[in-house]
Amino acid sequence: MGITNGSSNSNGTASGGGGGDGTGTASNGGSAGRRILIIGGGVAGLTLALALKRAARSTGLQLIPVIFDECPPEAYSEAGPHYVLWRWAVEVLLEMGIGGRLSKIASPLLYFTSRETETDEVIVQWPPADRTKDPIDAEIGLDSAIPPMVATRRCDLLRLLMLAISGAREDLVYGDDYLPTSANNSDLVPDHIDDLDADLAQGRWFENEGFADLLPELNLGEKLESFSFDSSTGDVVAEFASGRVERGFMLVGADGANSTTRKLLYQDGGPSRIFPLLSSPARHNLSHAGACVIHGITRLHVPPVDTPDSLENGTPIPDLLRDDVHEYCPDGRANAIVGKGMSFSVTHLGNGMLGWSLLAAQSEPNKHAGDFTMQKTRRLLSESIAKNPRQKDKWGSRDLPARYSPEPNDDGDEDDDLTMPPMAKNASPPPNPATLRGVAAVNLSDPSLQEKLSGLRDSPTSPTGNPRNPKRVSMPLEPLPFNPVAAPSSVPNLFGPQEPLSGAEVRTLALRLSQNFPLPHPCHAIMARTDPKLTAIVDLHDLADDPLDTLSLPIPVTSTVASVAAAATSPVTTLFGDPFDVSGGGSSGGNGSYSDLKMNHVGRIMLIGDAAHPLAVTASGGLGANLALTDAVLLAKLLAKYLASPATPPAESLRRMAGEMDKERCALAASAMKEARAEGGWDRSESAIVRGLMRLGRYYTPTGWTRSSYAQMLTRGAVKSGLPSLMPVKM
């Protein structure tokens with residue numbers, strides 16, 4: 001494709017025209033304007049789309065978000081994790097005017113406590129136990145009307161964002177205030193507003209409620225394959241695996257921890273292969289964070305029918321009673337238990353639901369799930385062998401007839417001649433050789449073959465007998481009798497790819513891993529009562545070992561003369577999957593130079609959310625969804641800020657936007673990833689020495705530091721003030 005003006009390929013034509021603004025008519029029916037191609041339809045991508053629409057309405061800029069996600073429609077279902085959103089993340093949702101509906105899906109969290117299993121000591125308590133009459137909120141100038149934390153399910157947050165983007169039900173979405181109380185439909189929470197009924201996602205809500213028609217800007221089943229730049233306009237041209245080609249003013253990768261956009265930038269033909277002196281190859285690979293997380297949603301008012309009543313070691317699982325829930329994890333509270341190699345947390349989500357997470361240390365990715373699958377495979381194989389009627393042949397191979405039986409010859413010698421036994425009366429006919437996989441098909445009854453074999457027997461070069469008996473019986477070739485063993489209907493594949501665990505198996509694995517972990521009641525009962533469809537297991541990965549130093553195009557704005565000169569003399573190679581001539585020549589169709597790429601395309605590609613900084617989950621939840629929300633809102637605000645001046649060239653506006661975005665988020669994200677990795681490693685450490693040092697450190701930690709860390713959590717990822725507002729303007 002190359003960096004050309006109006007790029008196209010054999011599979012499709014890029015939509016939109018040039019002009020340097022990504023303008024043109026969108027393939028999905030959009031109007032002229034700056035098209036922002038968003039890769040990923042998760043929390044970050046949907047929040048960015050909503051924020052861009054709010055920014056366009058409040059500033060008059062023509063910003064048109066178009067979302068692409070490789071998942072099918074059925075991926076948007078009730079299954080998925082729960083989130084704990086801090087106040088600074090809730091504030092950006094309120095600024096976009098969706099507080100009214102947020103009150104219907106999210107439950108306020110006022111307290112969080114984390115304890116150690118060995119000593120029952122409190123590790124973390126938010127707010128701190130010694131909180132004075134003057135709350136920290138007032139000290140740092142925050143509005144105490146907004147709760148410090150809010151708990152919600154991922155599916156409910158996605159549905160809320162989609163409703164707001166579509167604008168179809170603004171009467172249910174709009175609202176500047178978040179009510180600090182729980183909506184409830186299950187009558188399990190005694191203190192709630194009677195007229196505040198929840199509106200939650202149920203089942204395959206995306207398909208059932210017709211969101212495909214409500215969101216024409218959301219394109220599912222589209223996997224990004226490559227992207228390039230138009231050398232004359234700077235527009236981004238994205239090509240998808242389906243052959244679809246889209247042109248936009250810029251492209252934003254919001255496609256999660258396994259981001260295709262990030263891989264294209266750094267590994268699959270990115271600058272590491274164009275400018276070897278400027279960047280090392282295969283940078284920013286995901287690293288295993290040393291654990292996996294099993295999460296689930298327990299619906300107290302809709303228990304599953306197959307609830308296990310005991311652990312695998314025989315320990316009974318008591319019933320889950322309403323009083324148990326109110327005593328251990330009442331409304332507005334989240335609790336965590338941390339011990340050797342494991343941690344378990346429970347969050348009250350309101351509406352008769354509890355969200356739980358089991359974090360288990362593992363030495364390598366897929367360790368626990370792989371061991372579970374291997375044990376299941378061995379069990380199935382044993383069952384298959386047990387069902388085999390031929391216990392003598394445990395490998396399921398064909399049953400050979402008895403050994404050749406000696407028959408006396410004329411000389412009375414029994415040992416010098418062996419003859420074949422006669423065909424059994426009830427023997428099955430020989431199998432068709434053509435049906436035997438991996439065996440060459442040979443027709444033994446072929447006359448020509450019989451003639452050749454007969455010639456070999458009668459050949460003078462072949463022995464006609466043995467020294468002990470010159471006489472040799474010449475017998476015709478007959479195939480051996482074969483009685484096929486009836487194979488079981490489902491024989492496990494020992495060498496094929498592993499299938500993902502089912503929901504019931506994930507729940508079983510959670511109970512198995514935690515059966516020797518000293519969890520208080522009703523933790524095991526909460527896990528056992530979980531609907532298997534609402535469970536999942538995920539390996540934890542992050543970029544803590546190699547965080548991004550820029551969220552934009554990974555080419556330095558300034559470089560040494562020698563580096564630039566060396567890069568400029570590099571041969572023609574591939575840029576993000578497309579030909580690019582770094583020397584500025586036209587041998588491959590490209591007509592851009594390194595200087596052009598450096599100056600004109602910074603800011604055309606951006607990464608936000610887990611695509612930029614995947615975080616490991618900790619016992620206290622995680623900041624991943626929080627940073628995804630604020631990343632998206634900050635990017636929309638900065639675009640509104642720098643694109644507002646028509647006198648500034650778009651390339652310069654994007655360069656300034658990218659620079660401020662890096663300044664605000666890169667260091668923050670790097671520290672968050674490293675701290676999450678460290679917290680998980682120390683808290684779940686199985687070393688007695690490490691855990692002893694950890695307890696000693698907590699014992700001598702000043703109280704002021706604890707209060708300061710809580711204050712830091714209340715403001716850590718907040719979007720700074722002074723930027724354009726996203727407050728919606730009702731039309």
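In the hairpin of β11 and β12, where 6 residues lie between the strands, G234 adopts a positive phi near 85 degrees. The model is a predicted one, in which local features need pLDDT of at least 70 and side-chain atom pairs count only at pLDDT 80 or more, while totals for chains, interfaces and linings use all residues. Residues are numbered from 1 along each chain as its sequence is written, and side-chain values use heavy atoms, with hydrogens and water left out.

**Strands and their pairing**

- Strand β11 (residues 224–229) is joined by 5 bridges to the antiparallel strand β12 (residues 236–240), strands being DSSP runs of E with at least two residues, numbered from the N terminus, and pairing requiring at least two DSSP bridges.
- Within this pairing, S228 has V237 in β12 as its bridge partner, and β11 is mostly covered, with 5 of its 6 residues buried, where buried means under 20% relative accessible area with a 1.4 Å probe and protein chains only.
- Strand β14 (residues 250–253) is covered on both faces, as M250 and V252 on one side and L251 and G253 on the other are all buried.
- Strand β3 (residues 34–39) pairs with β14 in the parallel sense over 4 bridges, and I38 has V252 in β14 as its bridge partner.
- Strand β24 (residues 605–607) also runs parallel to β14, to which 3 bridges join it, and the bridge partner of L251 in β24 is I605.

**Aromatic rings and a charge over a ring**

- A search of the whole structure finds 9 aromatic pairs, a pair being two rings of Phe, Tyr or Trp (its six-membered ring) with centres within 6.5 Å, called stacked if the planes are under 30 degrees apart, edge-to-face if over 60 and tilted otherwise.
- F206 and F211 form a stacked pair, at 6.0 Å centre to centre and with 20 degrees between the planes; F206 is buried at a relative accessible area of 4%, and F211 is buried at 0%.
- Ring pairs link F206 and F211 with Y76 and W205 into a cluster.
- The charged end of R34 sits over the ring of F249, 5.0 Å from its centre, the criterion being NZ of Lys or CZ of Arg within 6 Å of the ring centre and within 35 degrees of the ring normal.

**Cavities**

- The structure holds 4 cavities of 30 Å³ or more, a cavity being a set of points on a 1 Å grid over the protein atoms alone where a 1.4 Å probe fits but cannot get out.
- The second largest cavity has about 40 Å³ of space, a volume being the space filled by probe spheres set on the points, which are joined across faces, edges and corners.
- Its lining includes P547, H613 and M673, lining residues having an atom within 4 Å of a point.

Key. Buried means under 20% relative accessible area, exposed over 50%, partly exposed in between (1.4 Å probe, protein chains only). On a 1 Å grid over the protein atoms alone, a cavity is a set of points where a 1.4 Å probe fits but cannot get out, and a pocket is an open set with protein on both sides within 12 Å along at least five of seven lines; lining residues have an atom within 4 Å of a point.
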